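Trainee: I have some labels to check with you. Let us set each one against its rule.

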Amino acid sequence: MSELYLKAHAKINLGLNVLSKQDDGYHTIRTIMQSVDLSDDLFFKKANTISIKSNDPSLDCGPTNIIYKCIKAIQQYDDKPQNALKVVLHKKIPMQAGLGGGSADGAAALTAYNALYDLKIPKQKLAEIGKTVGADIPFMIYGGRALCEGIGDQITPLPIKNKNAIVIIKPHYSMSTKVAYSMIDSLDLSEELDFEMLHNALDGNNEKSLREMLINDFEKVLLANFPQIDRIKELLRKEGSIAESMSGTGTAVFGIFREACYAEEAYKKLSNIYDKIYLSHFTDTSIVKK
């Protein structure tokens with residue numbers, strides 16, 4: 001096998017608590033991450049040098065790119081230094097949205113290199129390699145649903161009872177992860193969520209409990225500057241979602257629907273207002289072959 005096509009799924013955060021800041025600058029968190037079938041498409045081919053091309057001209061495809069960094073990281077576990085990858089990325093997951101698109105692409109690069117060069121590195125080790133590049137990459141290696149703790153790298157898989165339809169809206173403004181964390185340090189984040197109860201509420205599609213517990217600490221940071229987040233949540237609620245939240249460090253907002261038909265109707269109606277709107281579903285996979 002000399003080439004491989006992969007789909008790299010996005011993620012959303014179902015509740016997110018920021019607990020503390022570590023001495024190394026990272027923050028400890030607790031969140032449920034959920035894979036969704038909104039994806040980037042990637043083509044990988046064996047090569048002698050790393051090269052990355054993308055349909056998005058704003059994307060840096062050089063050494064700072066997370067795909068590039070992941071290839072360099074896994075090359076350390078290959079005894080043939082001439083091995084590399086040619087990568088063509090079709091970007092569909094919006095950037096700086098809290099949907100983990102970059103991390104998903106990095107996880108896809110690790111998966112592709114491992115497969116194409118037959119390194120036989122197990123998922124657990126791939127996740128460890130990914131952690132050296134980005135905190136969300138370990139979850140992206142596994143996918144599905146998981147309670148993620150530590151800096152996001154301590155993963156406890158959770159079952160998925162309902163593969164709900166969701167509508168994701170990315171407003172015109174963005175927020176970098178680094179800036180969002182720097183802003184959150186000044187807030188009182190003493191409220192901790194009960195993630196076992198949250199998971200049970202997800203399994204039961206319990207609207208009342210979900211509305212009480214689907215809390216993202218970063219909304220407290222962004223709402224002061226971006227009141228449109230609440231506006232999007234209100235619109236999704238009016239269209240029938242049973243719970244709404246911002247994902248990750250933002251700025252994408254999603255609504256969860258009991259029935260796919262309601263999500264489809266909301267998507268059609270709100271597409272008249274927002275350009276970056278996506279109809280998606282919970283999924284139990286992260287990196288899949290096309």
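Trainee: Why is the contact between Asp40 and Lys91 called a salt bridge?

Mentor: A salt bridge is a side-chain nitrogen of Lys or Arg within 4 Å of a carboxyl oxygen of Asp or Glu. In Asp40 and Lys91 the closest N and O atoms are 2.6 Å apart, so the pair qualifies. Asp40 lies in strand E2 (residues 27–47), and Lys91 is in the loop between strand E4 (84–90) and helix H2 (101–116), so the bridge ties together parts 51 residues apart in sequence. Strands (E, at least two residues) and helices (H or I, at least four) are DSSP runs, numbered from the N terminus.

Trainee: Are Asp40 and Lys91 buried or exposed?

Mentor: Both Asp40 and Lys91 are buried. Buried means under 20% relative accessible area, exposed over 50%, and partly exposed in between (1.4 Å probe, protein chains only).

Trainee: What kind of model is this, and how are residues numbered?

Mentor: This is a predicted model: local features need pLDDT of at least 70, side-chain atom pairs count only at pLDDT 80 or more, and totals for chains, interfaces and linings use all residues. Residues are numbered from 1 along each chain as its sequence is written, and side-chain values use heavy atoms, with hydrogens and water left out.

Trainee: How many salt bridges does the rule give?

Mentor: The count is 21 salt bridges. Another joins Asp284 to Lys163, at 3.3 Å from N to O. Asp284 sits in the loop between strand E10 (277–281) and strand E11 (287–289), and Lys163 in the loop between strand E6 (154–158) and strand E7 (165–169), so this pair ties together parts 121 residues apart in sequence.

Trainee: Why is Asp284 called partly exposed?

Mentor: Its relative accessible area is 43%, so Asp284 falls in the middle class. Lys163 has 48%, so Lys163 is partly exposed too.

Trainee: Which residues form a network of salt bridges?

Mentor: Glu207, Arg211, Arg237, Glu244 and Arg258 are linked that way. A salt bridge also joins Glu239 and Lys269, at 3.2 Å from N to O. Glu239 is in the loop between helix H9 (228–238) and strand E8 (243–246), and Lys269 is in helix H10 (residues 260–270), 30 residues apart.

Trainee: How do you know that Leu6 is buried?

Mentor: Leu6 has 3% relative accessibility, so it counts as buried. Leu6 lies in strand E1. Among the residues it touches (heavy atoms within 4.5 Å) are Asp40, Phe44, Thr111 and Ile287. That list leaves out residues up to four places away in sequence.

Trainee: What is the volume of the largest pocket?

Mentor: About 1300 Å³. Of its 43 lining residues, the closest to the centre are Ile66, Ser103, Asp136, Thr177 and Lys178. A pocket is an open set of points on a 1 Å grid over the protein atoms alone, where a 1.4 Å probe fits, with protein on both sides within 12 Å along at least five of seven lines; lining residues have an atom within 4 Å of a point. Grid points are joined across faces, edges and corners, and a volume is the space filled by probe spheres set on the points.

Trainee: What lines the second largest pocket?

Mentor: It has 13 lining residues, with Thr111, Lys123, Leu126, Ile141 and Ile287 nearest its centre. The largest share, three residues, comes from E11.
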